[in-house]
Amino acid sequence: QRRAEWQGQVLELTSTEFNLLEVLARLAGTPVSKNELSVKALGRPLARYDRSIDVHVSNLRHKLGTLADGRSPIQTVRGVGYQYITDDTGI
């Protein structure tokens, strides 16, 4: 079953959002390039000027909300991609 919970609540995620979250959570604490996210979550390499990963990550951030300290659990790593960070209440 492909199901995700965040802070005790079941998340209503699209399959792409779930795939992205799964990749980021498995590699928590490690920056993941947009191309790697595209290959692993969308099944295709990132095309030039393709903003789909950014859009899906934005939607995912909105659904996750913030950590206790106000930060998003998905951080942008400038020039690299994204990184999932955790605290005591994460997924």
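1. Helix α1 and its buried residues. In α1, the buried residues are T16, E17, F18, N19, L20, L21, V23 and L24. Buried means under 20% relative accessible area, exposed means over 50%, and partly exposed lies in between (1.4 Å probe, protein chains only). Helices (H or I, at least four residues) and strands (E, at least two) are DSSP runs, numbered from the N terminus. The cover over the buried residues of α1 includes β3 (32-33), α2 (34-42), α3 (52-64), β4 (74-77) and β5 (81-84). Contact here means heavy atoms within 4.5 Å.

2. Basis of the model. This is a predicted model, in which local features need pLDDT of at least 70, side-chain atom pairs count only at pLDDT 80 or more, and totals for chains, interfaces and linings use all residues. Residues are numbered from 1 along each chain as its sequence is written, and side-chain values use heavy atoms, with hydrogens and water left out.

3. Length check on α1. The helix covers residues 15-26, which is 12 residues. At 1.5 Å a residue it should span 16 Å, and its end C-alpha atoms are 16 Å apart, so the two agree. The expected span is 1.5 Å times one less than the number of residues.

4. Overall layout. The chain has three helices and five strands. Along the sequence they follow the pattern β-β-α-β-α-α-β-β. A compact globule of 91 residues would have a radius of gyration near 12 Å; the chain has 12 Å, which agrees. That radius is taken over C-alpha atoms, and the globule rule is 2.2 Å times the number of residues to the power 0.38. Along the principal axes, the C-alpha atoms fill a box of roughly 35 × 30 × 20 Å. Of the 91 residues, 34% are buried. Among contacts with a separation of 6 or more, 44% join residues 24 or more positions apart.

5. Nonpolar core. The largest such core has 20 residues. L20, L21, L24, L37, L64, I74 and Y82 have the most contacts inside it. The elements giving two or more residues to this core are α1, α2, α3 and β5. The largest share, five residues, comes from α1. A nonpolar core is a set of buried Ala, Val, Leu, Ile, Met, Phe, Trp, Tyr and Cys residues joined through side-chain atoms within 4.5 Å.

6. Helix α2. L37, S38 and A41 are buried in α2. They cover an arc of only 100 degrees around the axis, which puts them on the same side of α2. The arc is that of the directions from the helix axis to the C-beta atoms. Cover for the buried residues of α2 includes α1, β3, α3 and β5. After α2 comes G43, with a positive phi near 80 degrees.

7. S38 and I53. S38 lies in α2 and is buried, with a relative accessible area of 0%. Beyond its neighbours within four places in sequence, S38 is in contact with G43, R44, P45, L46 and I53. I53 sits in α3. At 1% relative accessibility, I53 counts as buried. Not counting residues up to four places away in sequence, I53 touches L20, K34, L37, S38, L42, L46 and Y82. I53 and A28 are 25 residues apart in sequence and 17 Å apart in space, C-alpha to C-alpha.

8. H62. This residue also needs a look. H62 is in helix α3. With 69% relative accessibility, H62 counts as exposed. H62 and S72 are 10 residues apart in sequence, and their C-alpha atoms are 8.9 Å apart.

9. The sheet. Three strands form an open sheet in the order β3-β5-β4, with antiparallel pairing. β3 and β4 stand at the edges with a single partner strand each, so one side of each has no neighbour in the sheet. Two strands pair if DSSP finds at least two bridges between them. β3 and β5 pair over two bridges, and V32 has Y82 in β5 as its bridge partner. β4 and β5 pair over four bridges. Q75 stands opposite Q83 in β5, and V77 has G81 in β5 as its bridge partner.

10. The β4-β5 hairpin. Three residues lie between the strands. G79 takes a positive phi near 80 degrees in this hairpin.
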